[in-house]
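Welcome! Have the structure open as you go.

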Amino acid sequence: MEDVARTAGVSVATVSKVVNGRYGVAQATLTRVQEVIDELGYEASLGARSLRSHRTNVLGILVAEFEPFSTELLKGASSAVGSTGYELLAYSGGGRGADVGWERRYLSRLSGTLIDGAIIVTPTVVEANTGVPVVAVDPHTGPTGLPTVDSDNFAGAVLATEHLIGLGHRRIGFLGGRLDLESARLREDGFRKAMDTAGLPVDEALVAVGGYRPETADGPARVLLGRADRPTAVFAANDLSAIQVMAVAVELGMTVPDDLSVIGFDNVPESALASPPLTTINQPLQEMGAEALRLLVDLIDGKERSTHLRLPTELVLRASCAPPRH
């Protein structure tokens, strides 16, 4: 403010009135001060703003780390924030704080002085006592007391498995997600339900935990595909795992989809760029991010609405699945 006042030739008090929209400043002076503010790129600190008004008009989106899933959610939230009058702060500990309770540490660091509310992506602990309004996206334990946005993981897994069955596959492997995530449990439940409905037994030797990451999916994929009685198709519980399954298959001398069909889940951009392009289940990630932001703004504004939103999933056909060779 002192820099602005000195450049504009006015007092700091006058600059303060302009910045805070108070009366008592002549139009010519206001115009001059505003020109200097624009010229110098002056912006009041969020901390100072919150002390004056108890609001920062900033919303946070907090993630354990930035990876394809959270990045797509962020794109959706970013697209929705423009019409709200809020700004958006994306915050991550860079993967260093991804252990249980990371979101509580992030919230205590940001709430009250930097953000008016938060979207937390796949939180490990969901508690209502957060200090600011919070919306959870795909929480580890499923919907609880906090407002939640997720997608229909169970129905999506049924769709994926039914697609493989419809192509004629009977020996279908399942590479699951993280054991601590409700979404992973629902995807395995959907796989088992579709197999049961079709009258097909699940060979437990073909069910493994892939952990949602390429590096954790690699070993289990090699075990599945290295078997003498290997599956003719694999449903991987997310796209990154599915892409790793295809990479392992090629390394072991197989061709996808001639020797092995692979289907994923999420429909992150990497799935369309895979070789071959990955058939997958579309989880509307950008829409989930946008809906989470709209829900958060409504909560801050005190609007009454449903606090659990579940979005539908759908099959996306590409080139990684084909009927089995007989």
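**Exercise 1.** Which residues form one aromatic cluster?

*Solution.* Start with the ground rules: this is a predicted model, where local features need pLDDT of at least 70, side-chain atom pairs count only at pLDDT 80 or more, and totals for chains, interfaces and linings use all residues. Residues are numbered from 1 along each chain as its sequence is written, and side-chain values use heavy atoms, with hydrogens and water left out. The cluster is made up of Phe174, Phe191 and Phe235.

**Exercise 2.** Find how many aromatic pairs there are, and describe one of them.

*Solution.* Rings of Phe, Tyr and Trp (its six-membered ring) pair if their centres lie within 6.5 Å; planes under 30 degrees apart are stacked, over 60 edge-to-face, and the rest tilted. By this rule there are three aromatic pairs. One of them joins tyrosine 91 and tyrosine 106 edge-to-face, at 5.2 Å centre to centre with 85° between the planes. Tyrosine 91 belongs to strand 2 (residues 87-92) and tyrosine 106 to helix 6 (residues 102-110), 15 residues apart. Here helices (H or I, at least four residues) and strands (E, at least two) are DSSP runs, numbered from the N terminus.

**Exercise 3.** Is phenylalanine 174 buried or exposed?

*Solution.* Buried means under 20% relative accessible area, exposed over 50%, and partly exposed in between (1.4 Å probe, protein chains only). Phenylalanine 174 has a relative accessible area of 0%, so it is buried. Phenylalanine 235 is buried too, at 0%.
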